[in-house]
Amino acid sequence: MSDEIKNGGTHAAPQAPEKAPRKKKAGIVVVVVVAILAVAGIGGWIWHETPGFCGTMCHDTMGEHLANYEGTDATQGAGLARVHAVQDGTTCLGCHEADFDSQVAELKAQLSGNYGDLTLAGRYYSDNDKCLSCHEGSYDALAELTSDLDPYNPHKQPHGQMNCNECHKGHAAQVDVCAQCHDNGGQEMKA
């Protein structure tokens, strides 16, 4: 090179552009991956809250329950699941708790193939506290609400507190347990 260029003359050699530091590129990749995982996680959680998830993803053995909820089964949605879905948009998780212990137990059942009795009327799925949390808050309040039922009020519980699901089936036709022993004066179960 000439002395003129070396000493800061007007003919300086072009310099190569600076390369972006690797840390900056790695940071961008991490941000993109985290964003994708966050969106997928949120989408997965939203899907987790739907009946379609319950009936296909984890509970493929419970397709009959989903069909009942949707009213597409042979009974055309007999039971309260369909009634709750239509009347107020209640989903599976509105009645069935999805706490950690329940989810672990369901996962074990799915992996082992030991499902127990999964028929539509086979087992109780909701406890009284869950039912009463939406229906008057207590048996006493529910009995007061239905006090005009004649000749008897089935919510008075003269034989002690029963499980709501003994009469009010979530995924099957309702059963008037009282009428199996007592004349009910022609009363019929709602839904």
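Predicted model: local features only at pLDDT ≥ 70, side-chain atom pairs only at ≥ 80, totals over all residues.
Local features need pLDDT of at least 70 and side-chain atom pairs count only at pLDDT 80 or more, whereas totals for chains, interfaces and linings use all residues. Residues are numbered from 1 along each chain as its sequence is written, and side-chain values use heavy atoms, with hydrogens and water left out.

Reader: How many helices and strands does the protein have?

Author: Helices (H or I, at least four residues) and strands (E, at least two) are DSSP runs, numbered from the N terminus. Along the sequence the pattern reads α-α-α-α-α-α-α-α-α. The count is nine helices and zero strands.

Reader: What percentage of the 191 residues is buried?

Author: Buried means under 20% relative accessible area, exposed over 50%, partly exposed in between, with a 1.4 Å probe and protein chains only. In the protein, the buried share of the 191 residues is 26%.

Reader: Are the axes of α4 and α5 parallel, perpendicular or oblique?

Author: Axes are lines fitted to C-alpha atoms, for helices over the stretch in contact, and angles run from 0 to 180 degrees between N-to-C directions. Helix α4 (residues 63-70) and helix α5 (residues 80-88) have axes that come within 7 Å and cross at roughly 45 degrees. Angles under 35 degrees count as roughly parallel, over 145 as roughly antiparallel, 65 to 115 as roughly perpendicular and the rest as oblique. So α4 is, relative to α5, oblique.

Reader: Which residues of α5 does α4 meet?

Author: Contact means heavy atoms within 4.5 Å. From α4, the residues involved are Asn68, Tyr69 and Glu70. Asn68 and Tyr69 are among the buried residues of α4. Their partners in α5 are Ala81, Arg82 and Ala85.

Reader: Which backbone atom does the Asn128 side chain reach?

Author: Asn128 sits in helix α8 (residues 128-134). Its relative accessible area is 12%, so Asn128 is buried. Beyond neighbours within four places in sequence, its contacts include Tyr139, Gln161 and Met162. At 2.9 Å, its side chain reaches the backbone oxygen of Met162.

Reader: Which residue's backbone nitrogen does the side chain of Gln174 reach?

Author: Gln174 lies in the segment after α9 (139-145). With a relative accessible area of 14%, Gln174 is buried. Its side chain has a polar atom 3.2 Å from the backbone oxygen of Ala172. The backbone nitrogen reached, at 3.0 Å, is that of Lys169.

Terms used:
Polar contact = N/O pair within 3.5 Å; in protein donor to acceptor, adjacent residues only side chain to side chain.
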